[in-house]
Amino acid sequence: MSRIVAFCFLFIAAVVADVRMDAQPAWSTFKPPFGAIAPLDSEEIPGAVKGDSFKSHAVGVPQDDWLPDTGALSVHASSLIALNDGNIRAFWFAGTREGAADVVIVSAVFDSKSRLWGAPTTVIDRVGAERGLSRYIAKLGNPVPARMADGRLQLFFVTVSMGGWAGSSISTMISDDEGVTWSKPERLITSPLMNISTLVKSPSVQFADGRLGLPAYHEWIGRFGEFLRIEGSQVIDLRRMSAGRGTIQPVVLLQSNESASAYFRQTRGAQQLKQIPVSQTTDAGQSWQSAPDLDIANPNSAVSMVTLNDGVQLMAANNIETGRYRLVLMMNDGHGGRWHPIQILEDDESLPNDQRREFSYPYLISTNGSDAHLVYTWNRKRIRHIYFDGAWIEQAKIQLTTPVTKSLEQGVQ
Amino acid sequence: MMSYLQNSALIEMSISCSVVLMYCLQQLFRSTFPMILRIALIVILGNAFFWPLGFAMALPLAAYVRGVTGDLSIVTTLLLWSSVIGSAKPCPNGFKVFIVALALLFYPFALGLGMIDPYAWGYHSFILLLGVVCVAIVWGVAGWVRIVWIIALALMAWSVQWHESRNLWDYLFDPFLVFWALGSLIQAWRYKRREKAQSGYLFRAG
């Protein structure tokens, strides 16, 4: 008798679970940034956007400054997001050293009119994270902001309870006021093994149905990319972007509402190619296939990329096989052409090995599809910000095939 | 919703920790405590794990354990609770073999071997759901009814999103279930070997 009752209960549970499974939202197409990826309107003035005060600057001179100093000995993993008022909000982590218990996630706003950074504020510290998540947290890392379909800001960040970064999980918070205040953190569940070893580094993409696609990666037994489909503060699906132990920190660039490419930081063995691995999807991220590497050196360091509204792509990367002492900005016409270095941002090649500094973790965004903001870690001491306005980028496009650019290529290859 | 999720998860973890501690105490004293003592111990230890104890700890003890282990699956939790609190039929060795075999197939692929990710099936796969129901029916028919209840409760918990995860696997399966199954099998094998060795004396020639 008890067996029959148990089977009846199982039947009811299975029916309820089936109904729940049917309620799972269907996969969606991508929502390309800046409306559609289309050629620029010929009457549009590059860089001339609401709240943009940089258009008057001379072509060929990108504007650079530093994110505000927090007094911390070590800073790293900066990221950016455009605010509704035209300003830019930056996030980064700061503490005595990477992985220390006193590391906090910090934010500051860049006023696009005055061209000044506001005072840094602490978004969350370790104790705040563990209280919100109701579990022990040993350290914080990698903050990545996103814009939700309803206009709110969402911040993804890494937390570790035990061990190194391989023990990471992703948590998230939501802000109703453009990042001034944040909700309690919530945990994303992404792995079947105690939910460890998932990290985030690169910007999310939007789906047409309003959900987010977040490129994440695993960094323990396997080192591979994973594409998370996010609804609110929960993962509702995930798809593998690569396999094995050689690809982390995917950056996703959309080509259409169905196709996209993911570019990785390589973590391959000593005998393998030190280039940028690539995966591609033609079904809006439901399945990914490995593609030939980009023929650009990668020393096991993060790359950052962004697509402008005319399809032109920008990449900030350390295009060397070892070390992180050189950082360059590269450009691609977005139609399968070559990547060309257009600006050497940092280069310590002439210095002896022990004096070379680290320029790493670049993060690129475009606020309007024709400009680009870049932040990166400057020797773990500061975060540098560089703004490439529309006019500068237009000039760079024109110069792509000129002898100046060619000599630049020869200089950095 | 959020605090309810976190509090229920902490309560679950507190009870699980107290059950494990009680199991260790029983092993230490080499005896099975009476039911009333077991329940009293679980209530006392459970409260000690759930409420912040102060000192240098900002969180309850259960939150420190949860930080390391994550949330246990519903199947692991209920098997653990029922094994110590109840006096039901023990878990058959066949089920433990099944768990270990499943882990050998599941974890390598779920942790990055190849492009097939069985963990992703937990979000949308009707075949996975059907397979889970079939497993429950097989063990129910074989006479172990407890697992039918436990799997049914796990499916219910997934349907109402009892935990933070929306992946069915997280309600059914976790590494602790595998460690327990593997440990039990090794223990059973060693016990059998010892028994066989001892019985060998009776029939030794000469």
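This is a predicted model: local features need pLDDT of at least 70, side-chain atom pairs count only at pLDDT 80 or more; totals for chains, interfaces and linings use all residues.
Let me begin with strand E9 of chain A, residues 153-160. Eight of its eight residues are buried, so the strand is largely enclosed by the rest of the structure. Both faces are covered. On one side the buried residues are Leu153(A), Leu155(A), Phe157(A) and Thr159(A), and on the other they are Gln154(A), Phe156(A), Val158(A) and Val160(A).

Which strands pair with E9(A)? One is strand E8 of chain A, residues 139-147, which pairs with E9(A) in the antiparallel sense over seven bridges. Within that pairing, Gln154(A) is the bridge partner of Ala146(A). E8(A) and E9(A) form a hairpin, with five residues between them. In the turn, Gly151(A) has a positive phi of about 95°. The other is strand E10 of chain A, residues 168-175, which runs antiparallel to E9(A) and is joined to it by eight bridges. There, Leu153(A) has Ser175(A) as its bridge partner.

I turn next to an open sheet in chain A. Four strands form it, in the order E2-E27-E26-E25, and the pairing is antiparallel. The edge strands, each pairing on one side only, are E2(A), residues 63-66, and E25(A), residues 359-365. From one strand to the next, the twist averages 20°. E2(A) pairs with E27(A), residues 382-388, over four antiparallel bridges, and Trp66(A) stands opposite Arg384(A) in E27(A).

Now to the nonpolar cores. The largest has 120 residues, of which Trp92(A) and Phe93(A) touch the most other members. Helix H1 of chain B gives the most to this core, with seven residues. Leaving aside residues up to four places away in sequence, Phe93(A) touches several residues of chain A, among them Val75(A), His76(A), Val103(A), Ile105(A), Leu140(A) and Pro143(A). A second, separate core of 37 residues includes Ala17(A) together with Trp149(B), Ala157(B) and Tyr171(B).

Finally, the contact between the chains. Chain B contributes 46 residues and chain A contributes 43 residues. Several helices of chain B each supply at least two residues to the side that touches chain A, including H1(B), residues 2-29, H5(B), residues 93-110, and H7(B), residues 126-141. Which helix supplies the largest share of that side? H8(B) does, with nine residues. By class, the side of chain B that touches chain A has 30 nonpolar, eleven polar and five charged residues.

Terms used. Residues are numbered from 1 along each chain as its sequence is written. Chains are lettered from A and ligands numbered from 1 in the order in which they are written. Two strands pair if DSSP finds at least two bridges between them. Axes are lines fitted to C-alpha atoms, for helices over the stretch in contact, and angles run from 0 to 180 degrees between N-to-C directions. Two residues are in contact if their C-beta atoms, placed from the backbone, lie within 7 Å. Ala, Val, Leu, Ile, Met, Phe, Trp, Tyr, Cys and Pro count as nonpolar, Asp, Glu, Lys and Arg as charged, and the others, Gly among them, as polar. A nonpolar core is a set of buried Ala, Val, Leu, Ile, Met, Phe, Trp, Tyr and Cys residues joined through C-beta atoms within 7 Å. A residue is buried if 20 or more other C-beta atoms lie within 10 Å of its own, exposed if 12 or fewer, and partly exposed in between; C-beta atoms are placed from the backbone.
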